[in-house]
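Please take a moment with the sequence and the coordinates shown below before reading on.

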Amino acid sequence: MDFHAVVAKSGAMFRRSVLIAAAMILTLAGISAGVYAQLESGNRGILPIDSSGLLEIGGIHVDVGAKDSETARYAGWRIAQREGFRKLYAASHNVPLSQAPNLPDSTLDQIVSSINVEREEIGPNRYIADLGIMFDRARAAEYLGVAGGQVQRSVPMLLIPVTVTGGTATSVELRNAWQRAWAQYRTSDSAIDYVRISGLGVDPILVNAAQINRPGRGWWRNIIDLYGAADILVAEVQLERLYPGGPARARFIGRHGPDNAIVGGFTLTAADSDSIPAMMAEGVKRMDALFSTALAAGQLQRDTSLNLPPPPIVELPPQEVAPAPATKAANAFQIQISGRDVTVYNFAMAHLRTLAGIQSADPQQINAGGTSYVLVTYTGDISSLANALRGRGWLVETSGTVIRIKSGSDKPPPIPPPAPVAPAPAKPDPAQPPPADTPKPSETQ
């Protein structure tokens, strides 16, 4: 393996080991009882909902009567599926609802992933509810008339939710309504590729409220590399209550980058404490729109100081030998494989190991139902490797020295057919006489 590739691979492994070791040292040394309590307490953040493969439409009201409650509920869900697809089609194509097609129930049963009950009232022979319908993105794309349901997105952004209340700032150290709202938000249709934290493991130590005020680029580079991100977004809410249980006012501020630059903000209010979760959910939607607008306007430019430094160049003493022929330098790149099926990961590894120019492909973390990480050594630059993977049918995104690949569906991408081979020229038949203008052997001597 090339020396620089070994250094790059060793550096990535060293950075991860340093982060985890630092967290363990803080815990074992017992620098503060609060840190230990954060790691041991179960009253911390919740896991984010994975909505990468879903399309959602909500707020569908149904009111159905039938001979009994179960029949009415079943009929209401059927009606919600039909209306949900028509509303999703109209929203996708920006057309009136009257122009949306009607699909048979048998087809809807195949493309509907789940039904979310927002509110329901069940009587002896009546069913009243507000429902949300979740459609499988890959299966519904054919009927929606969109190419695989793909959305052009940003580079992976590490999202840090910060709550400031009572003069104290927290992130995922304690469970709170702001982190819960972000965890429950379905990000599949957002222009921002969020990397959300849950508060489990070493999250409260590595990504806490104090981290957003630390300008050190070395620590930021280690953190975003550990979480598989390329940039930083901070969603801050400053919550003020008039009195316990009474009206509340929240100031939402969006920030970007390691220098905590303000992107924008807005203010929302809640009538009482019971209304705070709904206010937080609305705040997440508004904050996502704020970040998406800034991305479209070119305001979320990645700070180049977050790039990993190149490996050191070691000058070897000259040797009195004949110079070797010039060859392309071997570079180390991280490949992030996204897929919900282990078959996608297996096909991706087979492609990587058989791709021309790949010297090695070493798995770093395997997650068959999410994102797997592979360190490859490639003879060439990142654009050449990205184009080679696109030629194999993968959807490819690049950022720095990271390449993210995924399939356009739940299945591995089909291998493109080989280029047609030109027919070989026909050999002359010795039994046929030569053309009239062909000189005889005696004439050419």
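The paragraphs below treat the chain as a whole before turning to its parts.

The model is a predicted one, and the values discussed here were computed from it. The chain contains 12 helices and 14 strands, and of its 445 residues 40% count as buried. When contacts between residues at least 6 apart in sequence are considered, 66% of them join residues at least 24 apart. The chain exposes about 24000 Å², of which carbon and sulfur atoms supply 56%.

The largest nonpolar core has 27 residues, and the members that touch the most other members are W178, W182, F252 and M280. At least two residues of this core come from each of β4 (156-165), α6 (177-184), β7 (231-241), β8 (248-256), β9 (261-270) and α9. The element that gives the most to this core is α9, with seven residues. Apart from this core lies another, of 22 residues, which includes F333, I337, L355 and V374.

Leaving aside neighbours within four places in sequence, W182 is in contact with L159, P161, Y194, R196, A235, V284, M287 and D288. Is D288 buried or exposed? Its relative accessibility is 8%, and therefore D288 counts as buried, the cut-off for that class being under 20%. The side chain of D288 makes polar contacts with the side chain of S190, at 2.5 Å, and with the side chain of Y185, at 3.1 Å. Not counting residues up to four places away in sequence, D288 touches W182, Y185, S190, I192 and Y194, a list that takes in both partners of these polar contacts.

Q81 lies in helix α3, residues 69-93, and because its relative accessibility is 8%, Q81 counts as buried. Its side chain is joined to that of D109 by a polar contact of 3.3 Å. With residues up to four places away in sequence set aside, Q81 touches L108, D109, V112, I115, I133 and F135.

Two of the residues touched by Q81, I115 and I133, also stand opposite each other, I133 being in β3. Strand β2 (residues 112-122) runs antiparallel to β3, and nine bridges join the two. They form a hairpin with three residues between them. Strand β3, residues 126-136, is mostly covered, since 10 of its 11 residues are buried.

E118, by contrast with such cover, is a residue of β2 that is partly exposed, with a relative accessible area of 42%. Not counting residues up to four places away in sequence, E118 touches D130, L131 and G132, as well as G58 and G59. The C-alpha atoms of E118 and G58 are separated by 8.4 Å, although these residues lie 60 apart along the chain.

In helix α11, residues 382-391, the buried residues include I382, L385, A386 and L389. Why do the buried residues of α11 line one face of the helix? Seen down the axis of α11, they fall within an arc of 100°, and so they line one face. An α-helix has 3.6 residues a turn, so residues three or four places apart point the same way. The buried residues of α11 pack against α10 (342-354) and against the strands β10 (330-338), β11 (358-365), β12 (371-379), β13 (395-399) and β14 (402-406). Following α11 comes G393, whose phi is positive, near 100°.

Two of the strands packed against by α11, β11 and β12, are themselves paired: six bridges join them, and they run antiparallel. A hairpin joins β11 to β12 through five residues. Within this pairing, I358 stands opposite Y378 in β12.

Conventions:
Residues numbered from 1 in each chain as written. Predicted model: local features only at pLDDT ≥ 70, side-chain atom pairs only at ≥ 80, totals over all residues. Heavy atoms only, no water. Buried < 20%, exposed > 50% of the residue type's maximum accessible area, 1.4 Å probe, protein only. Helix = DSSP H or I, 4+ residues; strand = E, 2+ residues; numbered from the N terminus. Arc of directions from axis to C-beta. Contact = heavy atoms within 4.5 Å. Polar contact = N/O pair within 3.5 Å; in protein donor to acceptor, adjacent residues only side chain to side chain. Pairing = 2+ DSSP bridges. Areas by Shrake-Rupley, 256 points an atom, 1.4 Å probe, with all protein chains shown as cover. Core = buried A, V, L, I, M, F, W, Y, C linked by side-chain atoms within 4.5 Å.
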